[in-house]
Amino acid sequence: MPSPVPSPMQSPVQSGFIEVTDDAAALEACYAQGWTDGLPVIPPTEERIQSMLAAAGRNGEEILGGIPERNRVITAEKLAINAVMAGCLPEYAPVVFAAMEAMTNPTFGLHGPATSTSGMAILLIVNGPIVQSIGMNARDDVFGTGNRANATIGRAIRLALRNVFASRAGELDRSTLGTPAKFSFCIAENEADSPWEPLHVQRGLDQNESAVTVVAGEGPRQVNDHHSRDPQGILANLADALSAAGTFNFQSPSTVVLAIGQEHMRTISDAGWSKRDIQEYVYERAKRSIAERKRLGIEDGAVAPNDETSYRRMVRSPEHVLVVAAGGPAGRFSSFIPCFGNQAVTRAIPALERSMD
């Protein structure tokens with residue numbers, strides 16, 4: 001059974017092996033070595049690893065990226081090992097590999113959220129034909145449990161962070177509280193029911209391409225709005241909730257993900273609002289006065305008269321409001337995800353046919 005972590009006595013492309021008698025012994029060995037997230041894992045046999053690499057169309061020695069601040073890189077072999085352990089099927093490999101390459105893109109700045117005391121998790125948002133091909137969930141309980149693709153793809157990324165980049169609690173992961181999203185944080189956008197252009201199209205890719213967008217964020221915060229019957233009411237509630245004292249965006253303008261549930265989506269779209277309209281409205285509405293911030297101790301100094309009408313925005317720009325259609329058809333709920341200060345990154349996923357060649 002190959003090791004999912006780099007050995008200090010080996011180059012990054014080599015894995016050591018542990019001999020065990022059966023899968024039960026292999027599982028206990030993974031626990032003993034600290035390679036799990038607390039849940040059972042699939043033993044990463046050489047045959048399983050090779051199947052994962054073949055599905056991704058990668059050589060094990062290929063370096064996918066790294067965290068320069070930690071002087072660590074991740075190879076295709078190491079990611080394949082952790083994907084096997086997470087329970088991924090080989091056909092999930094293109095998503096896992098694209099997500100890792102997006103996360104290790106210097107624009108994303110993985111070192112920050114991977115070490116921060118804020119407890120950020122890495123959210124994956126998947127778009128395009130691959131969603132249907134591998135059976136991802138974009139509807140009921142979209143942030144919840146029960147879908148193998150969603151759960152294991154997100155878990156593969158987390159195990160790789162833990163095992164390859166040493167993002168373990170009390171070590172390089174300095175989260176004060178953490179979040180259950182650190183087990184797995186992966187959804188698909190509900191393109192089938194959405195009247196809007198998909199997230200990956202908004203971010204410059206073709207409608208027929210598959211893609212994954214990665215963003216570092218807190219767990220989703222549900223917003224209950226059963227009374228508003230127009231876009232302004234729904235979005236005002238969302239903007240007010242994400243502007244609350246104590247949210248990450250309240251501390252510093254950043255990115256926010258809005259997951260718009262189907263009932264809210266229909267109300268907003270029936271009024272003729274596009275995703276761009278949502279972005280601009282939330283950007284303009286999500287703000288708090290300097291006077292309020294001073295009273296709360298976020299800013300220093302006495303409250304001046306003009307502080308009541310001077311504002312700090314919660315989001316950097318309309319483009320930093322990532323609007324995603326997601327969730328089931330019943331219930332007037334949406335959610336928002338406050339995000340870390342780094343940029344979201346979107347990467348195309350190679351077609352499955354090419355990946356399986």
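Just after helix α2, Gly57 takes a positive phi of about 70 degrees. The model described here is a predicted one.

Helix α2 itself covers residues 46-56. Its buried residues are Ile49, Met52, Leu53, Ala55 and Ala56. Viewed down the axis of α2, these buried residues fall within an arc of 160 degrees, so they line one face of the helix. The spacing in such a pattern has a simple background. An α-helix has 3.6 residues a turn, so residues three or four places apart point the same way.

Is Arg70 buried or exposed? Its relative accessible area is 11%. Because buried means under 20% relative accessible area, Arg70 counts as buried. Which residues surround Arg70, once its neighbours within four places in sequence are left aside? Arg70 is in contact with His111, Ala114 and Thr115, and also with Phe165, Ala166, Ser167 and Leu172. Val131 is another matter: 61 residues separate Arg70 from Val131 along the chain, and their C-alpha atoms are 33 Å apart.

One of the contacts of Arg70 is Ala166, a residue in the loop between α7 and β4 (186-188). With a relative accessibility of 7%, Ala166 is buried. Its phi is positive, at about 60 degrees, although Ala166 is not a glycine. Asp141 also has a positive phi, near 55 degrees, and is likewise a residue other than glycine. Asp141 is found in the loop between α6 (130-133) and α7.

The remaining topic is how α7 packs against another helix. Two packed helices are described by the angle between their axes and the distance between the axes. Helix α3 spans residues 76-86 and helix α7 spans residues 148-163. Their axes come within 8 Å and cross at roughly 130 degrees. The two helices are therefore oblique to each other, and their crossing is right-handed.

Which residues make the contact between α3 and α7? From α3 come Leu79, Asn82, Ala83, Met85 and Ala86. They meet Thr152, Arg155, Ala156, Leu159, Ala160 and Asn163 in α7. Sorted by class, this contact has seven nonpolar residues, three polar residues and one charged residue.

Methods. Residues are numbered from 1 along each chain as its sequence is written. This is a predicted model: local features need pLDDT of at least 70, side-chain atom pairs count only at pLDDT 80 or more; totals for chains, interfaces and linings use all residues. Side-chain values use heavy atoms; hydrogens and water are left out. Axes are lines fitted to C-alpha atoms, for helices over the stretch in contact, and angles run from 0 to 180 degrees between N-to-C directions. Helices (H or I, at least four residues) and strands (E, at least two) are DSSP runs, numbered from the N terminus. Angles under 35 degrees count as roughly parallel, over 145 as roughly antiparallel, 65 to 115 as roughly perpendicular and the rest as oblique. A crossing is left-handed if the near helix is turned anticlockwise from the far one by less than a right angle, and right-handed if clockwise. Contact means heavy atoms within 4.5 Å. Ala, Val, Leu, Ile, Met, Phe, Trp, Tyr, Cys and Pro count as nonpolar, Asp, Glu, Lys and Arg as charged, and the others, Gly among them, as polar. Buried means under 20% relative accessible area, exposed over 50%, partly exposed in between (1.4 Å probe, protein chains only). The arc is that of the directions from the helix axis to the C-beta atoms.
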